[in-house]
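Trainee: I have a model open and would like to learn how to read it. Can we go through it feature by feature?

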Amino acid sequence: MRAEDPRTIRLDEYRPSDFLIDTVELDVRLDPTATRVTARLAIRPNPEGRADAALTLVGDGLNLVAASIDGADLRPDDLDVSPDQLKLANPPRGPFELTITTIVDPSANTRLMGLYRSNGAYCTQCEAEGFRRITYFLDRPDVLAVYTTRIEGSKAENPVLLSNGNLAETGDLGDDRHFAVWHDPHPKPSYLFALVAGDLGVVEDEFVTMSGREVALKVFVEHGKEDRATHAMESIKASMRWDEQAFGREYDLDVFMVVAVSYFNMGAMENKGLNVFNDKYVLASPETATDGDYANIEAIIAHEYFHNWTGNRITCRDWFQLCLKEGLTVFRDQEFTSDMRSRPVKRIQDVRNLRSIQFAEDAGPLAHAVRPNAYAEINNFYTPTIYEKGAEVIRMLKTWIGGDAFRAGMDLYFERHDGQACTIEQFIACFAEVSGRDFAQFLRWYAQAGTPVVTIRTTHDAEAKTFTIEATQKTPATPGQPSKQPMVIPLALGLVGQDGDDLPLVVDGAPAGPVFALTDETTRIVFEDIATRPAASLFRNFSAPVKVVSDVTDEELLFLAAHDRDPFNRWQATQTVALRKLVADVAAFRAVRPISPEPKLAEAIGRAFDPAETDCAYAAQIAALPAEGDVAREIGENVDPDAIHAVRSLLKADIRDRLAGPLAAAADRLAETGPYSPDAASAGRRALKYAALDLLSAGGAAEGVERVFALYKSARNMTDKVMALHALSIHATPEREEALTDFATLYSRDPLLLDKWFVIQASAPLPDTLDRVEALMAAPGFDMRNPNRVRSLIGAFGSGNPTQFNRADGRGYAFIAGVVAELNTLNPQVAARLLGAFRTWRSLEPERRARAETALRALAAMPDLSPDVADIVNRALG
Ligand code: PHE
Ligand code: ZN
């Protein structure tokens with residue numbers, strides 16, 4: 001964080017609000033361009049605030065019409081008003097009622113924060129600071145109020161009128177006007193407020209909670225899409241049941257509603273009782289959604305529902321504590337998915353994702369702590385570090401103190417802090433109390449940015465029959481944090497003997513482990529009674545979010561790949577061998593030296609296609625090589641994305657040549673027979689089939705391409721179609737063009753299919769990709785105001801296409817910077833997110849690095865840069 005930035009907000013400058021707001025009565029008269037909002041606020045001085053303070057309510061671009069205190073109009077000179085603030089120098093020193101009327105224009109709101117329109121419907125997005133675009137307010141998460149919301153509007157245009165809580169009253173006003181009043185009894189911060197109005201279809205169901213209360217469930221979608229809402233509805237019920245069983249948490253209103261909207265900046269939002277979703281994460285049918293879509297919908301519905309307790313009932317004191325709700329809720333949704341589907345597969349997917357996105361962030365100029373201590377723009381802190389690393393920290397905590405203590409700590413947290421706005425310290429104190437442990441050092445996980453590197457050296461002493469593990473931890477410097485202190489790193493391990501079984505772990509003459517806490521810079525663990533050198537299975541189940549550098553040999557890893565009883569490490573072993581090889585191959589390739597063949601790796605991957613392997617989803621993970629980004633990160637500096645791509649393609653072709661028979665057999669065996677079902681086992685079979693086809697078509701091999709094309713043509717569900725199209729799209733063949741043209745006739749069905757078509761073309765590692773992306777921006781269907789379209793076409797190019805974004809001529813960088821410049825005023829949040837493509841620019845080889853820097857500097861020099869974009873540009877250039 002740049003110290004000179006005047007907007008910088010600091011954790012250590014936190015002060016309680018000088019005033020509190022107990023109740024909010026909102027009266028919203030809908031109008032497409034002039035919606036009138038009257039807010040009646042019951043305000044009183046906060047006993048913990050300053051006694052003689054002025055009252056400053058924040059706004060964002062507001063237009064004040066009237067204001068009164070206890071019924072008496074305020075005249076302009078009683079007030080200090082601007083679009084961004086309403087200030088009363090001398091407010092009453094006891095409780096009073098402040099009434100404010102503002103007019104907002106939802107149709108002109110392209111930022112999609114505050115009240116805006118999505119395909120004709122009205123909706124709101126208030127997290128983090130959108131409520132201030134509706135009315136002047138103490139728009140901070142530690143001000144909790146009870147809301148009553150009256151919505152009035154045209155009956156024909158808005159038959160549906162929704163807000164948080166329970167429906168209290170409805171009425172017809174004649175002349176095409178009607179109203180609804182919603183009351184939410186649970187005090188909440190303004191960021192959880194929501195309002196939706198429009199002409200929407202609804203799917204209804206019911207859930208009976210563990211204490212027997214009946215809850216009405218409603219999913220609102222655009223008319224005609226009701227049959228695509230059933231999977232979301234099933235996911236709501238599953239989530240409600242799971243939170244009761246896993247955490248004892250019950251739902252607390254008469255109704256739970258989900259609304260799908262097509263214009264949305266993020267994935268979804270946990271507004272109390274009224275979750276608003278990007279429709280991409282609600283709508284699914286076999287004809288329009290892939291296996292991945294079904295899984296995402298289930299996980300995101302769960303995530304938002306779980307926020308009801310971790311986020312809503314207990315919220316954050318300030319935005320520095322964002323991981324208090326997000327890291328914890330991601331952990332909870334990961335556990336939910338693990339219970340609903342395959343636990344090892346979920347773990348592997350989460351770790352792949354963590355490494356490719358969060359490790360990359362942590363290694364570059366945008367690195368920040370899980371709980372940052374300063375920010376210039378909070379919107380830019382909804383990051384993989386807050387979410388995914390935040391979840392890993394919770395997982396480590398559980399690994400460290402054990403499952404029972406973890407549950408006891410969660411129970412205590414819910415009991416003690418219900419209805420409060422909390423800090424990380426208050427959360428952690430619950431676990432310290434139930435476990436009796438000292439968490440002072442553990443808290444460094446929240447404060448220190450960067451991925452710790454754990455270097456492991458192993459030695460076997462045949463004579464003494466000891467096996468020693470020496471672990472050294474080092475966290476690299478990150479922006480603003482030149483030196484780091486040792487963390488508490490839980491190391492879960494096993495020592496695998498020659499028969500493939502785990503050896504008993506004996507330390508100091510007593511049984512030990514399997515989890516060891518590494519707390520010092522160097523920790524030595526001496527295992528006794530070890531006659532022959534075992535294969536060390538380290539960080540089982542990925543017990544800590546660290547990078548491991550070990551002297552475990554490829555031979556030992558390949559042994560673990562076959563025998564480790566920890567499924568995560570069976571997968572990891574193969575990945576590590578592949579990654580080591582890819583890094584060595586890139587060096588050879590760039591030095592124009594021959595690349596060595598690797599039959600053993602092919603053998604390990606070949607096990608995935610053995611007909612005896614019944615867990616197909618797991619096998620598909622074994623079959624997938626590390627991504628190009630993983631190789632880039634492992635190399636770390638002077639990165640040449642073209643060399644990585646070339647070498648990885650060669651390795652795939654080599655594996656294909658060695659496994660041609662089993663791959664073809666697997667593709668045949670796994671061909672779809674019955675009707676489509678999105679369940680985890682069926683999806684797993686399809687995933688393994690694609691892994692086989694991807695290898696078979698490596699390098700654009702004619703026979704493989706033919707097979708994939710045949711699948712494309714015969715596909716009877718969207719998963720097969722999209723996966724085949726994707727596999728075809730990476731090679732410049734006539735089949736590719738034919739399939740892309742054919743798919744174009746399908747997306748008239750739905751914009752979400754158009755998005756899939758965009759993503760596939762934008763991520764193709766082909767030299768004409770950028771020209772195509774530019775052409776598609778002018779094609780019908782593309783809309784710069786719709787974040788899903790922007791992310792699918794431009795985001796996929798920037799963040800999902802390493803070779804073409806990093807074109808040697810720098811055109812990729814200039815292109816993304818150009819789009820960011822255009823979006824800077826239209827939708828600064830989406831613009832700033834696109835810039836994330838530059839998060840690893842410093843590790844590139846010098847010529848690309850210079851071109852990336854030129855593009856960033858051009859942006860930095862632009863006048864009127866939004867705070868969102870300026871913050872990322874400044875930190876990226878740091
Ligand atoms: N709080 C949302 C979630 O993670 C994410 C979000 C943040 C949505 C900001 C919109 C705006 O569940
Ligand atoms: Zn969340």
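Trainee: At which residues does UniProt place the feature "domain: Peptidase M1 alanyl aminopeptidase Ig-like fold"?

Mentor: The UniProt record, an unreviewed entry, places that feature at residues 450-549. UniProt positions follow the numbering used here, feature names are shortened, and annotations may be inferred rather than shown by experiment. Residues are numbered from 1 along each chain as its sequence is written, while chains are lettered from A and ligands numbered from 1 in the order in which they are written. This is a predicted model: local features need pLDDT of at least 70, side-chain atom pairs count only at pLDDT 80 or more, and totals for chains, interfaces and linings use all residues.

Trainee: What is the mean pLDDT of the chain?

Mentor: First the general idea: where pLDDT is low, the predicted coordinates should not be read in detail. pLDDT is the predictor's confidence in each residue, from 0 to 100. Here the chain has a mean of 97, and 99% of its residues reach 70 or more. For the complex, the predictor gives an ipTM of 0.99 and a pTM of 0.98.

Trainee: How much helix and strand do residues 450-549 hold?

Mentor: Helices (H or I, at least four residues) and strands (E, at least two) are DSSP runs, numbered from the N terminus. Residues 450-549 are 0% helix and 45% strand, with end C-alpha atoms 16 Å apart.

Trainee: In what order do the strands of the sheet with β25 and β26 run?

Mentor: Strands of a sheet pair through backbone hydrogen bonds, either parallel or antiparallel. Two strands count as paired if DSSP finds at least two bridges between them. This open sheet of four strands has the order β32-β26-β25-β34, with mixed pairing. At the edges, β32 (522-527) and β34 (547-550) each pair on one side only. Strands β25 (453-461) and β26 (466-474) run antiparallel, joined by nine bridges. D461 has T466 in β26 as its bridge partner.

Trainee: Which strands stand at the edges of the sheet that includes β17 and β20?

Mentor: That open sheet has five strands, in the order β17-β18-β19-β21-β20, and its pairing is mixed. β17 (200-208) and β20 (268-269) are the edge strands; each has a single partner strand, so one side of each lacks a neighbour in the sheet. Strands β18 (214-222) and β19 (255-261) are parallel, with five bridges between them. L217 is bridged to F256 in β19.

Trainee: Which E127 bond is cis?

Mentor: The peptide bond joining E127 and A128 is cis, with omega about -5 degrees. A128 sits in the loop between β11 (121-125) and β12 (145-154). A cis bond also links G513 to P514, with omega near 5 degrees. P514 belongs to the loop between β30 (510-511) and β31 (515-518).

Trainee: What is the phi of D176?

Mentor: Phi of D176 is near 65 degrees, a positive value in a residue other than glycine. D176 lies in the loop between β14 (166-174) and β15 (177-188).
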